[in-house]
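Hi,

Here is the structure I said I would pass on.

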Amino acid sequence: MRATTDADVRRVFDRLADRYDSQMQAWERRLFPGSREWAVGQARGHVVELAVGTGLNLPLYGAGTTVVGIELSERMLELARRRVAEAGLGERVELRQGDVQRLDLPDGVADTVLSTFTMCTIPDPLAAAREAYRVLRPGGRFVLAEHGPSSNPVIRAGMRLLEPLSVRFEADYLTRDPRPYLEQAGFAIESVTRTARGISFRVLAVRP
């Protein structure tokens, strides 16, 4: 199974953009109900959202937050901009085309970094975790909703069988466990909740 590149991810999501919302909402209803609401509910202050996609999370943020959303795919970003305009969120949300592995943001600028179903597609998740650490202030939180390897060995084996196809066509690593990347980047993991036979991860991590 070959490693993905930024070019692969951009190409995949430019192609998937127009059906991304319906596709994700179908999967989330089955396996990850409430994960976005939970993640955004943990966000405080100034938020950096990694791989903001089409902006599905943006209408969920409370009035006390401001958000900078970073997205690699320009087509996904176009849809996110449309969502921001339609929801009247322009005063609180800034969207930027960029690479979450190399954030064009100052150190310690964020109170919260948020990622929903994105670490599975980033070519170098450790680089993204290190960037999240860098842009967080001390005491800031990384909030993560993600999928990962099932705790059921039969399901996990099936995921591994499907993974080469999911990586090739959707740049999606099905069995990537997000926790080691956070720990290697220096985060202290506060809590982990796993549901849907261990496939669904909800992780809170803090920058010491």
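Ala51 is partly exposed, with a relative accessible area of 22% (buried is under 20%, exposed is over 50%, and partly exposed is in between, with a 1.4 Å probe and protein chains only). You'll find Ala51 in the loop between strand E1 (46-49) and E2; helices (H or I, at least four residues) and strands (E, at least two) are DSSP runs, numbered from the N terminus. Phi of Ala51 is near 50°, which is positive for a residue that isn't glycine. Most residues other than glycine have a negative phi.

Before going further, a note on the source: this is a predicted model, where local features need pLDDT of at least 70, side-chain atom pairs count only at pLDDT 80 or more, and totals for chains, interfaces and linings use all residues. Residues are numbered from 1 along each chain as its sequence is written, and side-chain values use heavy atoms, with hydrogens and water left out.

Phe117 also has a positive phi, near 55°. Phe117 sits in the loop between E4 and H4 and is buried, at 8% relative accessible area.

On to H4 itself (residues 125-135): this helix is mostly covered, with eight of its 11 residues buried. Among them are Pro125, Leu126, Glu131 and Val135. The buried residues of H4 pack against strand E4 (110-116), strand E5 (136-147) and helix H6 (179-185), where contact means heavy atoms within 4.5 Å.

The largest pocket has a volume of about 800 Å³. For the method: on a 1 Å grid over the protein atoms alone, a pocket is an open set of points with protein on both sides within 12 Å along at least five of seven lines, and lining residues have an atom within 4 Å of a point. Grid points are joined across faces, edges and corners, and the volume is the space filled by probe spheres set on the points.

The lining of the largest pocket has 44 residues, and Met24, Cys120, Thr121, His147 and Asp172 lie nearest its centre. Helix H1 (6-31), strand E2 (66-71) and helix H5 (153-170) are the elements that give two or more residues to that lining, and H1 gives the most, with nine. By class, the lining splits into 24 nonpolar, 13 polar and seven charged residues (Ala, Val, Leu, Ile, Met, Phe, Trp, Tyr, Cys and Pro count as nonpolar, Asp, Glu, Lys and Arg as charged, and the others, Gly among them, as polar).

H1 also packs with H3, at an angle of about 35° and with the axes 7 Å apart; axes are lines fitted to C-alpha atoms, for helices over the stretch in contact, and angles run from 0 to 180 degrees between N-to-C directions. On the H1 side the contact includes Phe13, Asp14 and Tyr20, and on the H3 side Glu74, Met76 and Arg83. That contact has five nonpolar, no polar and six charged residues.

Leu77 is in H3 (residues 74-87) and is buried, with a relative accessible area of 0%. Beyond four places in sequence, Leu77 touches Val52, Gly53, Glu71, Leu95, Arg96 and Gln97. Leu77 and Asp14 are 63 residues apart in sequence, and their C-alpha atoms are 9.4 Å apart.

Cheers

Note on methods
On a 1 Å grid over the protein atoms alone, a cavity is a set of points where a 1.4 Å probe fits but cannot get out, and a pocket is an open set with protein on both sides within 12 Å along at least five of seven lines; lining residues have an atom within 4 Å of a point.
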